[in-house]
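Dear colleague,

I am passing on the structure we spoke about, together with some notes on what turned up in it.

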Amino acid sequence: MHALIVAAGRPPTRPALDSAWPGWADDVDLVIAADGGARTAERLGLRPALVVGDLDSIDPADLEGLRAAGVPVETAPAAKDESDTELAVGAALARGADRLTIVGGLGGRPDHLLANIGLLGLPSLGGRPTTLLDGSTRLTLLRGPARVELSGRVGDLVSLIPYGDGVEGVTTAGLHWPLADEALPVGPTRGLSNRRTAVLAQISVRSGLLVAVETNGDESDL
């Protein structure tokens, strides 16, 4: 089951998502809105099957409209340990999701951005493919041992950012600067701003955590 979680961060537009990541919503089975993400879902032409959160960022009229339409709402206390987006991830897993996409989790407050990237490493995901998506960027976490094929446009940026204690045995294909069974420690920026040379970029990791950051479009290198 592919679950789409719509967070309450900076909302992408549907045309931008469709242009950058064709087919991103074609096989979605379940849409869960994290609090104010319900409005973003509406803007994207999606109807949530569930709304979760402490309901501090959703308009009361919008909430009433959803309830009137029969959409279940799971209300969490304001004093909670989890973000609304983490609660939505838990709700998706409880309903049998084996693949997750999070939209609306990038941009906005830096602390929320870092927290949402950290969600990719939740132990409860247990290796289920999970991505963070907006109108120009896609983030995917590899938990070694792992191998992924990422489809995109030739020439676009692909950055490989080590996470946690760093990563060992990184091997790539389809990128301008290849890696062959190499380490990427936390701190140095060697994996930043690579370029896709093939529609399919292949990345494998022997151990550790690696975040692949794909940027669709003409972005300047840092």
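In what follows, Ala, Val, Leu, Ile, Met, Phe, Trp, Tyr, Cys and Pro count as nonpolar, Asp, Glu, Lys and Arg count as charged, and the others, Gly among them, count as polar. Please keep in mind throughout that this is a predicted model.

With those classes in hand, the lining of the largest pocket can be described: its residues divide into 15 nonpolar, 11 polar and 8 charged. The pocket itself holds about 720 Å³ of space, and of the 34 residues that line it, P129, T131, R138, T140 and L150 are the closest to its centre. The elements that give two or more residues to this lining are α1 (14-20), β5 (99-103), β6 (130-133), β7 (137-143) and β8 (146-151). Of these, β8 gives the most, with 6 residues. Between β7 and β8 there is a loop that contains P145, and the peptide bond leading from G144 to P145 is cis, with omega near 0°.

Turning to the protein as a whole, its secondary structure comes to 5 helices and 13 strands. The radius of gyration is 18 Å, close to the 17 Å that the globule rule gives for 222 residues, so the protein is as compact as a globular protein of that length. Taken along the principal axes, the C-alpha atoms fill a box of roughly 55 × 35 × 30 Å. Buried residues make up 46% of the 222 residues, and among the contacts with a separation of 6 or more, 66% are between residues 24 or more positions apart.

Several of the notes concern the loop between β3 (50-53) and α3 (60-68), where D54 lies. Is D54 buried or exposed? Its relative accessibility is 17%, and because the cut-off for buried is under 20%, D54 counts as buried. The side chain of D54 is joined to that of K80 by a polar contact of 2.9 Å. Leaving out residues up to four places away in sequence, D54 touches D35, A76, P77, A78, K80 and D84. L55 lies in the loop between β3 and α3 as well; L55 counts as buried at 18% relative accessibility, and its phi is near 65°, a positive value in a residue other than glycine.

I58 is also found in the loop between β3 and α3, and it is buried, with a relative accessible area of 9%. Although I58 and G36 are 22 residues apart along the chain, their C-alpha atoms are separated by 4.2 Å. Beyond the residues up to four places away in sequence, I58 touches D35, G36, A38, L63 and L66. After α3 comes G70, whose phi is positive, near 90°.

D35, which touches D54 and also I58, has its place in the loop between β2 and α2 (37-43). D35 is buried, with a relative accessible area of 0%, and its phi, near 55°, is a positive value in a residue other than glycine.

The helix α4 (residues 84-94) holds T85, which is buried, with a relative accessible area of 8%. Which residues does T85 contact, leaving aside its neighbours within four places in sequence? They are I5, A7, A34, I102, N116 and L119. The buried residues of α4 are D84, T85, A88, V89, A91, A92 and L93. An α-helix has 3.6 residues a turn, so residues three or four places apart point the same way. What covers the buried residues of α4 includes β1 (2-6), β2 (30-34), β3, β5 and α5 (110-119). G96 follows α4 and has a positive phi, near 95°.

Finally, S193 has its place in the loop between β10 (182-184) and β11 (194-195), and at 13% relative accessibility S193 counts as buried. S193 and I32 are 161 residues apart in sequence, and in space they are 32 Å apart, C-alpha to C-alpha.

With best wishes

How values were computed. Residues are numbered from 1 along each chain as its sequence is written. This is a predicted model: local features need pLDDT of at least 70, side-chain atom pairs count only at pLDDT 80 or more; totals for chains, interfaces and linings use all residues. Side-chain values use heavy atoms; hydrogens and water are left out. On a 1 Å grid over the protein atoms alone, a cavity is a set of points where a 1.4 Å probe fits but cannot get out, and a pocket is an open set with protein on both sides within 12 Å along at least five of seven lines; lining residues have an atom within 4 Å of a point. Grid points are joined across faces, edges and corners, and a volume is the space filled by probe spheres set on the points. Helices (H or I, at least four residues) and strands (E, at least two) are DSSP runs, numbered from the N terminus. Buried means under 20% relative accessible area, exposed over 50%, partly exposed in between (1.4 Å probe, protein chains only). A polar contact is a pair of N or O atoms within 3.5 Å; within protein, one must be able to donate a hydrogen and the other to accept it, and residues adjacent in sequence count only if both atoms are side-chain atoms. Contact means heavy atoms within 4.5 Å. The radius of gyration is taken over C-alpha atoms; the globule rule is 2.2 Å times the number of residues to the power 0.38.
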